[in-house]
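User: I am new to this structure and would like a close look at one part of it. Could you walk me through the second chain?

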Amino acid sequence: MNHWLTAPILIPLLGGILQVFMGYAPISLRRTLALATTVLILVSAIVLLALADDGSYRIYAFGNWQPPFGIVLVLDRLAALMLIVTAVLALFCHIYSIGGADEGNRQFHALFLFQLMGLNIAFLTGDLFNLFVAFEVLLIASYGLLMHGGGTVRTVPGLHYVVLNLVGSAVFLISVGMIYSVTGTLNMADLAVKIPQVSGEGLSIVKAGGMMLLVVFGLKAAILPLCFWLPRAYSKATAPVAALFAVMTKVGIYAILRVYLLIFGDDAGELANLGMDWLFPIALVTLAMGIIGALGSGSLKTLVAWQVIISVGTLLAPIALGSEAGLSAALFYLLSTTWTVGGLFLVSELVSNQRGSAKDRIVTAPKMQNRTFLSVLFLVGAVAAAGLPPLSGFFGKVLILKSVEPGTEMAWLWSVLLIGSFLTVIAYSRAGSIVFWRTVDGHLEKPDPLNGRVSVAAGALTALAVVMVVLAGPITRYTDATAAQLHNNDAYIEILQTPMIREDS
Amino acid sequence: MELVVALVIGALTASGVYLILRARTFPVVVGLTLLSYGVNLFLFSSGRLATGQQPVIGTAVSYSDPLPQALVLTAIVIGFAMTAFVVVLSLRNLADNEGDHVDGKQPYKSPAPEKEEEVTGK
């Protein structure tokens, strides 16, 4: 029992409740408190990262019930890593949003903090049904955030997003029910013990349940047949919200990692590696689809939204192959791509604000005022996203390429990833050269000046791509250890035997 | 009883899916509601169906599984909140756009073909 585990959930919960009641307080006070909450979340994530770095599993059992009977939070290296990714991204998005994007909705900060709470529950929970609850918490906050700022352009993509996710939740519940009806448990560690013992009639039910779970997580992660809602919804959202949503697809990937390595992993008997031979080709097609979308996109934000789908494909391909090196490489790339895509969303909004009616469309327009600053930020972001040396995206892709064993899979992955990276470079250079170089004479009458907060937030988030290169050694050591821990299911199952605190002691 | 429950779940889910596939927001909302009823019943029955058994240990000889009932309760509460949100959102869609089409606008309708006048030799 470690009470620190509840901190990343309780801090945004309390901060969010405070924001709800402060709807009419002065905006500077609300902003200060909200930002302080996000900083505290980051601090708690760093504390948990330090705790998890020794490689042991820490649990927090609500009501002191021995798992699998109660609800547990489980902290391991992967959960701590995801908490850090989210907290860092959220801090910069939040700093950006107080530069003016949070106006027009009194509950923006409350929704933002509840979104963080949902994400943190999803990463910490050790229970399938609680994962469903976490998904719903983060989704209902994301519905609100997506509509933030209003405007008729957001209603239709928002409606599609909400209806799709509600159908996804229904499928999630059905699959949870199917798995429960056979195994009689929903605790992940307990499922990892029970699933290999399933036989006879139950086998096909659990198999169907497991495949339906993959569909649900695929919807969250936006893999190919389920990804068409994403570009429209993300490109229409306000910049800090879109940047925060860069981590939402990673929740789906996190859930796939958790469920298909632990529950349906190598030790799962007849159900071992369920669905993974489907996932590899789908991941490659998703990657190709994302690149086609990026090449055809007409505005910077749509381009970045398709980049989200490209990164999902790139991440899932090594995960589906299931090697330890591939997993470690994927985690490194996950860190890099989440922050880079977030930074690119912020930069494209800054560009959009300076180009008058041209907005962020990839067309010629009058010169921007802060052209040098913005073009350097876009260049750094684009280089990191496309995977050119020397920035972090390149390291991630090299690690992924190196992790594949020679064979058919290697031929497919190398060709799709390398040709894809080349085409991504074309997409970014086309967008960048038109937006920053091909300008018409004259300036706009009244350009929006850059203010300190937004430029610092966008600049710092983009600069993380450089920081990650400097810290590549320690980060790779951590992701290697995480991959090794994820492949050792016996240690996770031992949380079932963790002694609870006795009342008399 | 099993057959009736299975038929009810199947009918609810099938009608829900059918309505969700319609292109208007009102049928979609009703469809989502029906689907969530079907899902809730399914989740409830995943703990096996029984009559006269209580989900409390010690009150009867045998007891029914309490966990699916707890799950269903959570799912119902969440489902209500989500349905309320979709209703508000579809009203917003109705106000913002021309009609209640889920794409915000009517798909293009080809104009009725002009009647060709019969050409006769006269």
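Analyst: **A look at chain B**

Residues 70–91 of chain B are 100% helix and 0% strand, with their end C-alpha atoms 32 Å apart. This is a predicted model, in which local features need pLDDT of at least 70, side-chain atom pairs count only at pLDDT 80 or more, and totals for chains, interfaces and linings use all residues. Residues are numbered from 1 along each chain as its sequence is written, chains are lettered from A and ligands numbered from 1 in the order written, and side-chain values use heavy atoms, leaving out hydrogens and water.

Residues 26–44 of chain B are also 100% helix and 0% strand, and here the end C-alpha atoms lie 27 Å apart. An unreviewed UniProt entry gives both spans, 26–44 and 70–91 of chain B, the feature "transmembrane region"; such annotations may be inferred rather than shown by experiment.

Now for the loop between α2 (25–45) and α3 (66–96) of chain B, where you will find R48(B). Helices here are DSSP runs (H or I, at least four residues), numbered from the N terminus. R48(B) is not a glycine, yet has a positive phi of about 70°. Most residues other than glycine have a negative phi. Is R48(B) buried or exposed? R48(B) has a relative accessible area of 55%, so it counts as exposed (over 50%; buried is under 20%, partly exposed in between, with a 1.4 Å probe and protein chains only).

How values were computed
Helices (H or I, at least four residues) and strands (E, at least two) are DSSP runs, numbered from the N terminus.
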